[in-house]
Amino acid sequence: MRRLPVYLLIDTSGSMHGEPIESVKVGLEAMLSSLRQDPFALESVCISIISFDKDVKQILPLTPLDELQLPEITTPESGPTHTGQALKLLCEKIDKEVTLSTPDRKGDWMPLLFIMTDGKPSDLQLYREMIPEIKKRHFASIIACAAGPKADPDRLKELTNEVYSLDTVDSTAFKKFFKWVSDSIGVGNRSIGATDDFELPPPPAEVNVII
């Protein structure tokens, strides 16, 4: 079975400290629970998590769904949001972890990227430099979420046309968002397996489409 690599980039900067990041954890647990009930996902989905604040780190290397345990996600009380550095690390990990197709073998499916932030890049120049590098990696889809009133969807629109927003950063909103992510991965896995196309399901009412 070919793998479907899914990369989650999660903003853990100071404004996510406390209830927002706890709500993210609740949402992630709900997402994993949902995916594990999907036999297509259970056979092929691998997930990686990169957190970014003043530090950027891969807190979960690309791991099959049936072996995955959520790592501890921590947030500093203050500090910058190094989104550009996160994209740079993402490119490095994609190059190491994703198997490309060759004339002799079928590699992984094109990866999916979900990026969630409640602010804007502190390293804007690097962020913009990394956007063409991200596009070279041929993601099947890049879905960006601007969470809460301080998020800047305009910067995310530079990265992808698939930008959505959450008005609040409570557990209900994040559970709805991550449930939609799990639906997207499940639907995406089946459609990619059949046609190499990727279509997102309609987002829930809590997830707003940014035009």
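Trainee: In which strand does Phe114 lie?
Mentor: This is a predicted model, in which local features need pLDDT of at least 70, side-chain atom pairs count only at pLDDT 80 or more, and totals for chains, interfaces and linings use all residues. Residues are numbered from 1 along each chain as its sequence is written, and side-chain values use heavy atoms, with hydrogens and water left out. Helices (H or I, at least four residues) and strands (E, at least two) are DSSP runs numbered from the N terminus. The strand that covers residues 112–117, and in which Phe114 lies, is β4.

Trainee: Is Phe114 buried or exposed?
Mentor: Buried means under 20% relative accessible area, exposed means over 50%, and partly exposed is in between, with a 1.4 Å probe and protein chains only. The relative accessible area of Phe114 is 3%, and therefore this residue is buried.

Trainee: Which residues does Phe114 touch, not counting residues up to four places away in sequence?
Mentor: Contact means heavy atoms within 4.5 Å. Glu133 stands 19 residues from Phe114 in sequence, and their C-alpha atoms are 16 Å apart in space. With residues up to four places away left out, Phe114 touches Val6, Tyr7, Leu8, Leu9, Ile143, Val181, Ser184 and Ile185.

Trainee: With which residue does the side chain of Thr81 make a side-chain polar contact?
Mentor: Thr81 sits in the loop between β3 (56–64) and α3, and because its relative accessibility is 8%, it counts as buried. A polar contact is a pair of N or O atoms within 3.5 Å; within protein, one must be able to donate a hydrogen and the other to accept it, and residues adjacent in sequence count only if both atoms are side-chain atoms. Among the residues that Thr81 touches, beyond those up to four places away in sequence, are Asp11, Phe52 and Thr117. At 3.2 Å, the side chain of Thr81 makes its polar contact with the side chain of Ser13.

Trainee: How far does the backbone oxygen of Pro61 lie from a polar atom of the side chain of Thr63?
Mentor: Thr63 lies in strand β3, and because its relative accessibility is 12%, it counts as buried. Leaving aside neighbours within four places in sequence, Thr63 is in contact with Val45, Cys46, Ile47 and Leu68. From the backbone oxygen of Pro61 to a polar atom of the side chain of Thr63, the distance is 2.6 Å.

Trainee: At which angle do the axes of helix α3 and helix α4 cross?
Mentor: Two packed helices are described by the angle between their axes and the distance between the axes. Axes are lines fitted to C-alpha atoms, for helices over the stretch in contact, and angles run from 0 to 180 degrees between N-to-C directions. The axes of α3 (residues 83–97) and α4 (residues 124–136) come within 8 Å, and they cross at roughly 30 degrees.

Trainee: How are α3 and α4 therefore described relative to each other?
Mentor: Angles under 35 degrees count as roughly parallel, over 145 as roughly antiparallel, 65 to 115 as roughly perpendicular and the rest as oblique. The axes cross at roughly 30 degrees, and therefore α3 and α4 are roughly parallel.

Trainee: Is His138 buried or exposed?
Mentor: His138 has its place in the loop between α4 and β5 (141–147). Its phi is near 55 degrees, a positive value in a residue other than glycine. The relative accessible area of His138 is 54%, and so this residue is exposed.
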